Amino acid sequence: MIAHRRNILLLVTLAAAATPATGQTVAPAAGAASSGTHGAASIPDFSGIWRHPSLPGFEPPASGPGPVTNRSRRRGPRQPGASDYDKLVGDYANPILQPWAAEVVKKYGEISLRGVTFPNPANQCWPEPVPFIFKHFGMQMLQQPHQITMIYSEDHEVRRVRMNKPHPAQLTPSWYGDSVGHYEGDTLVIDTVGTRTDRPFAMIDLYGTPYTEKLHVVERYRLLDYEAAKEGLERDAKENLIVQEGRDRNYRGKYLQVHFTVEDEGVFTMPWTATITYGPGYGEWLEIVCADNRHEYYNNKDSDVPTADKPDF
C-alpha cells in the first residue's frame with residue numbers, strides 16, 4: 001500500500017497559490033510595528049499569521065547536535081536529496097538517541113518502508129506536543145502583556161504562554177505542557193515542561209521519537225531581516241520538502257525564526273537544537289477540523305481520534 005498523508009491533496013493544491021495573485025486581499029504583514037500595543041517600545045511585535053513552507057518540518061542546526069532526520073531521500077528533478085515525505089525513516093543512528101529510543105525510531109521506520117503510514121498525533125487527530133506541533137505550516141500569534149496565544153493551522157490547536165510567571169511548584173501535566181515566557185531584549189523566550197506522557201502516540205516528531213516526563217523545551221523567537229533569515233531557509237530547503245503553502249517566495253521583509261532546544265534525559269544523550277523559519281502568511285485562515293474526516297483512505301480505516309464514554313460537561 002502506498003504511504004500517503006491526510007490532506008496531501010490539499011497541500012499540493014495550496015502549493016500552487018504560494019504567490020498572491022494580482023488584486024488578492026493580503027493579510028496584514030506579520031511583525032509590522034504597532035504603536036502602544038504592548039506598552040513598551042522595546043518589545044517586538046510578533047503578532048499576526050506566520051507560515052513555514054516545508055515537510056516534515058525542523059531545520060537542522062548549522063552545527064552541533066540536531067534532531068532526528070530522514071534516512072530516506074528524494075530522487076528526481078525536484079529537490080533531490082531532500083527528505084522523502086512518503087517514507088519517514090528516522091535516523092536511529094543519530095547520537096542524540098539513547099539505545100532504547102533508537103530502537104523505537106528504527107521500528108517506526110521499518111513500518112514506513114513497508115508502505116504503511118504509521119499513526120501519529122497529527123493523522124489521528126490528537127493534540128501535538130512541542131516540538132511536534134511545529135509541523136503545521138501556519139501559526140498565528142496573539143500578543144498580550146500577560147499572555148501569548150499561539151494558534152496552529154490545519155487543526156486549530158492552541159497553546160497559551162503565561163508571561164513573567166514561574167512554573168507552578170505542583171505541576172499537572174497537560175497536552176502541550178506548562179509554558180511560561182519572558183522577553184530578553186528583542187527575543188521572546190518560552191520555557192515548556194510538564195507535557196503529558198500518559199497518552200496515545202506520544203512522540204515529538206514524525207519519525208516517532210519518544211519523550212518522557214522529563215521533556216524540557218526552550219523556544220527563542222526573533223524577527224530577522226531576509227539576509228539573516230536566508231541561512232535558515234537554505235537549511236530548510238536542503239533538508240525538507242518545500243511546499244510553499246500560503247507564503248510569498250519572493251518576500252524580502254521580516255521573517256520570524258524560532259530557535260529551540262530540546263532536552264530529555266530519559267530519551268536523549270545530550271540536548272539538541274533546531275530552527276523553524278516563518279514568513280508572513282497570506283490569504284484565508286482556513287477552518288479545518290481533523291476529526292470531521294476520520295476515514296484514512298490510505299489505510300482503509302477510521303483514525304483513532306479521541307473519544308469519551310460520556311460527555312465531560
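1. Partly exposed residues fall between two cut-offs: buried means under 20% relative accessible area, exposed over 50%. R196, at 22% relative accessibility, therefore counts as partly exposed. Its partner is D198: the two side chains meet in a salt bridge, 3.1 Å from N to O. D198 is exposed, with a relative accessible area of 57%.

2. A word on confidence. This is a predicted model. The average pLDDT of the protein is 85, and 80% of the residues score at least 70. Residues 1-39 have a pLDDT below 50. The model still gives this stretch 70 contacts beyond near neighbours in sequence. Where pLDDT is low, the predicted coordinates should not be read in detail.

3. Helix α3 covers residues 226-239.

4. In α3 the buried residues are Y226, A229, G232, L233, R235, D236 and E239. An α-helix has 3.6 residues a turn, so residues three or four places apart point the same way. What do the buried residues of α3 pack against? Their partners are strands β2 (54-55), β8 (216-224), β9 (241-242), β10 (255-263) and β11 (272-280).

5. I242 belongs to strand β9. I242 is buried, because its relative accessible area of 16% is under the 20% cut-off. Which residues does I242 touch, leaving aside those up to four places away in sequence? They are P53, S54, R78, Q79, D236 and A237. S54 deserves a separate look: S54 and I242 are 188 residues apart along the chain, yet their C-alpha atoms are separated by 4.4 Å.

6. D205 sits in the loop between β7 (187-193) and β8. Is D205 buried or exposed? With a relative accessible area of 5%, D205 is buried. Its side chain has polar partners. One is the backbone nitrogen of Y207, reached at 3.0 Å. Another is the side chain of T209, in a polar contact at 2.7 Å. Not counting residues up to four places away in sequence, D205 touches F58, V68 and F132.

7. How many salt bridges does the structure hold? The count is 11. The pair D91 and R71 is worth checking by eye. The closest N and O atoms of D91 and R71 are 3.0 Å apart. Both residues lie in the loop between β2 and α2 (99-113), 20 residues apart, and the pair links distant parts of the chain. D91 counts as partly exposed at 21% relative accessibility. R71 is also partly exposed, with a relative accessible area of 41%.

8. R162 and D178 form a further salt bridge, their side chains meeting at 2.7 Å, N to O. R162 lies in strand β5 (residues 157-163) and D178 in strand β6 (residues 178-184), so the pair ties together parts that are 16 residues apart in sequence. R162 is partly exposed, with a relative accessible area of 29%. D178, at 12% relative accessibility, counts as buried.

Notes:
Residues numbered from 1 in each chain as written. Heavy atoms only, no water. pLDDT = per-residue confidence, 0-100. Contact = heavy atoms within 4.5 Å. Helix = DSSP H or I, 4+ residues; strand = E, 2+ residues; numbered from the N terminus. Expected span 1.5 Å × (residues − 1). Buried < 20%, exposed > 50% of the residue type's maximum accessible area, 1.4 Å probe, protein only. Polar contact = N/O pair within 3.5 Å; in protein donor to acceptor, adjacent residues only side chain to side chain. Salt bridge = Lys/Arg side-chain N within 4 Å of Asp/Glu carboxyl O.
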